[in-house]
Amino acid sequence: MGTSLPESGRDWPTLKAEMVERGSGDAKWRDGKTAVYVFNAGDDVAQVQKEAYALYMSENGLGPLAFPSLRRMEDEVIGMALSLLHGPEDAAGAMTSGGTDSITMAVKAARDYARAERGLKAAGNLVIPRSAHPAFDKAAHMMDIEVRRVPVGEDLLADVPAMADAIDDGTIMLVGSAPCFPYGLIDDIAALSAIAGERELWLHVDACVGGFIAPFVRMNGSELPPFDFELPGVSSMSADLHKYGYCAKGASTVLFRSAGRYQHMPFDFGDWPGGRMLTPTLAGTRPGGAIAAAWAVMNFLGETGYQAKHRQVTNAREVVERGVRELGFEVLGAPQLGITAFSHPDADVIAVYKHMFRKGWFAGLTMEPKALHLMLSPVHERVTDLYLTDLADALRQANDQESDDGFEARYS
Ligand SMILES: Cc1ncc(COP(=O)(O)O)c(C=O)c1O
């Protein structure tokens, strides 16, 4: 408690100044020293996000009759996503507020499909790799579904034979990540697709991180394994616009191989005084700004724009990986997109992390095994030298057991 609504308001310039001041202690993402939470594709993209969002900030995607403009933009965003991810002719999808929302809706659709098509009576279970995002557990928790997290193999990828062993009559969904968050590695989706085909199971590919970068990394010349609807066993995918699609936050896509699978997602209800309410996703009100900004950024960048931005990301990753190896770190697996994680056989990486934090860097940590984690953006291409210089110093400080109390002061 302690805060209450002020009796009278203050003017906007005063408030704005206060808000800017409050942000001064936040992670320094504008200068490229943050490699988690924020995707910084540069000022040109930020301006498009901001202006497009503001143009449709008050409109509501809940009302497609009132706002056919938003419906058209959403349809086009979904069309662009499906065309990038090899959606077949009959594929369908919707925009959601983010990856967790997309995953939740895919789980709901898979469960209702299992009930309708297979007569599933029990709550059912999900068979997922240990590296899959907790959004699956959150969705399962809300729907009382069991989650079977299967340990990854030594290569840190989904252990497909072990996942096959975990399947039973109650399994409503298999999951693979493209890529997973902790390591940035793409699971063997082709092998999962084969199992989904044999056992007639719903395979969801979580491409929240990879959906809007992997197709362009491939166009840029890298050999990536198949991971999307080109594999016949893939029933649904999640792909976030607000990550490597560089769109404003509050924007993701949930995609289905066919209209028949999609139809298990929407909620159609009319038994109340307000009349029929049909909503495709978890949201009621759907922020027009997020839809409009996504449409604008995708059309602003186009294929060549995304290729160029993503080349900066993969360049940054390659430079960082070379540099950290020279410092004795070991990159976990062979990342191909924008996430990389690296452990150190001799150093305490948590201590290294704390020293990097004190130098102004904010990034992630992987826990199994303990590793520094970066989710890179185009702007990072220009700070790789600074990062590696600071990392060399942080490693020395950790090895010398220098105090890292700046970190504790903030997080205690
Ligand atoms: C692989 C993966 N899936 C899903 C999510 C959840 O996305 P959101 O934070 O937009 O809900 C994330 C978030 O980082 C992710 O990395």
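Strand β9 spans residues 277-279 and includes Met277; strands (E, at least two residues) and helices (H or I, at least four) are DSSP runs numbered from the N terminus. The model is predicted, so local features need pLDDT of at least 70 and side-chain atom pairs count only at pLDDT 80 or more, while totals for chains, interfaces and linings use all residues. Residues are numbered from 1 along each chain as its sequence is written, and side-chain values use heavy atoms, leaving out hydrogens and water.

**Surface patch**
- Met277 has a relative accessible area of 33% and is therefore partly exposed, that is, between buried (under 20%) and exposed (over 50%), with a 1.4 Å probe and protein chains only.
- Together with Leu62, Phe267, Phe269 and Trp272, Met277 forms a nonpolar surface patch of about 470 Å² of accessible area.
- Such a patch joins nonpolar side chains within 5 Å, from residues with over 30% relative accessible area and no salt bridge (a Lys or Arg side-chain nitrogen within 4 Å of an Asp or Glu carboxyl oxygen).

**Ligand surroundings**
- There are 13 residues around the ligand, and Gly99, Thr100, Asp206, His242 and Lys243 come nearest; a residue is near if one of its heavy atoms lies within 4 Å.
- Helix α4 (residues 99-118) gives the most to this shell, with 3 residues.

**Polar contacts** (N or O atom pairs within 3.5 Å)
- An oxygen atom of the ligand lies 2.5 Å from a polar side-chain atom of Thr100.
- The side chain of Asp206 has an N or O atom 2.6 Å from a nitrogen atom of the ligand.

How values were computed
A polar contact is a pair of N or O atoms within 3.5 Å; within protein, one must be able to donate a hydrogen and the other to accept it, and residues adjacent in sequence count only if both atoms are side-chain atoms. Patches are made of residues with over 30% relative accessible area and no salt bridge: like charges are joined within 9 Å, nonpolar side chains (Val, Leu, Ile, Met, Phe, Trp, Tyr) within 5 Å. Accessible areas come from the Shrake-Rupley method with a 1.4 Å probe; for residues, only the protein chains shown count as cover.
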